[in-house]
Amino acid sequence: MSVLVVGLSHRTTPVALLERVTVSGDALVKLLHDVQADENVSEALVVSTCNRVEVYAVVDRFHGGVTAVTNTLAAHSGLPQDLLARHLYVHYEDRAVQHMFTVACGLDSMVIGEGQILGQIRAALRLAQEEGTAGTTLNELAQHALRVGKRAHADTGIDRAGASLVGVGLTLAERVLGPISGRRALVVGAGSMSSLSAATLSRAGVTDIVIANRTRERAERLAETVGGRAANLADVPAELAEADLVISCVGAGTRTIIPEMVGDRDRPLFLLDLALPHDVDPGVRDLPGVTLVDLKSMQQDGVGDDVSDGGRAEAICEVRRIVTEEVAAYLDAARAALVTPTVVALRSKAAGVVEAEMGRLLSRLPDIDMRVRDEFTQTVRRVVDKLLHEPTVRVKRLAASPGGDQYAEALRELFGLDPKAPEAVSSLEVEQ
């Protein structure tokens, strides 16, 4: 069984099409189960964000797995298969591991180094665990990816070197409004992106922050963290009239802000739409004094390219080195784990031979002293352990190299082992 990644992101797909594939809530749960339901797939995990939709699957056949995931994505998005296929990327086995680690480090994000992706992978893993679609392989892969992402941020500071999506949006806002410190801001939504937006606004010196959300309680909790105030979604038109800067992060599939809500203004208004599906009706761009920046315009304009490097290039090189190192470590461990049943089976068989031969000896010497019998038994066991020690240590070491599974196969053939037998795996502890 091997890991397969089938996905599409801001790098390969127009935002309008990516918007149709993005899933959340019950639709995400259904996608998980539909992918796993295919006979070619044993495990499934889906990372679905405003910038990417990626299906990680454990499959027994490459082509069967790709077909299964592609068909399921097409069915859920309602897009023609041939259209969807033109934008999909596929990674398999070693490349799949490298891709997930690269994503976890923020190297594949719209804004290099953003740290939100770690929380998104963590949420994807948690959902797959809760729904029972993630087994041993994807659990271990995702957990390792999270550790790699944390290491990359801790060792290189790439999250500080590369501006966050919100930070870049505020940089663009200052080009329109001038300094945003002291401005009035409206944040629509109270989820994770809204929380990040509110915190970034507060750090930038914005002291008048309004949080509007469908659930008033959540808006109040978030507003309290930044010293702002809460509002209902019904209050958005009135709040727009007073706002200089608006960040919308709902992504519910309906237009939260439409031209009629904005109306005529006597001062500039900057709207940053970070939702997918989009919150803000594109028609607001036609209103005088109104500037709308959304994910599509960021994608087209190469957002972040002209933001000061701040040591980002050096950090990126170091993160890539970390990814390469961690991929090698993960693959070495995975290959070594493949020989574990063989090692256990060998030791189990040896233990069985010792017990059988000692039983035969003791039946011939029924009057042997108990102390002498125990000494015999321990001596024979030590001899067997010493004979097995070198080959088992070597086969583990060799298994970590490419083609290492051939050594385990040779061991199974030479000793007539059945590593899949449950009793072989459970009867003896493997030497660590």
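**Surface patches and buried residues in a predicted model**

On the surface, R122, R126, R147 and K150 gather in a patch of positive charge. Two or more residues of this positive patch come from each of the elements α6 (116-131) and α7 (136-156). The model is predicted, so that local features need pLDDT of at least 70 and side-chain atom pairs count only at pLDDT 80 or more, while totals for chains, interfaces and linings use all residues. Residues are numbered from 1 along each chain as its sequence is written, and side-chain values use heavy atoms, without hydrogens and water. Patches consist of residues with over 30% relative accessible area and no salt bridge, like charges being joined within 9 Å and nonpolar side chains (Val, Leu, Ile, Met, Phe, Trp, Tyr) within 5 Å. A salt bridge is a side-chain nitrogen of Lys or Arg within 4 Å of a carboxyl oxygen of Asp or Glu.

R126 lies in helix α6 and is partly exposed, with a relative accessible area of 41%; buried denotes under 20%, exposed over 50%, and partly exposed the range in between (1.4 Å probe, protein chains only).

A nonpolar surface patch is formed by L361, L365 and F376, which together have about 240 Å² of accessible area. Of these residues, L361 is placed in helix α16 (residues 340-364) and is partly exposed, at a relative accessible area of 32%.

In helix α5 (residues 94-104), the buried residues are A96, V97, H99, M100, F101, V103 and A104. After α5 comes G106, which has a positive phi, near 85 degrees. S2, in strand β1 (residues 2-9), is buried, with a relative accessible area of 14%.

Terms used. Accessible areas come from the Shrake-Rupley method with a 1.4 Å probe; for residues, only the protein chains shown count as cover. Lys and Arg count as positive and Asp and Glu as negative; His and the chain ends are not counted. The place of a charge is taken as NZ of Lys, CZ of Arg, CG of Asp or CD of Glu. Helices (H or I, at least four residues) and strands (E, at least two) are DSSP runs, numbered from the N terminus.
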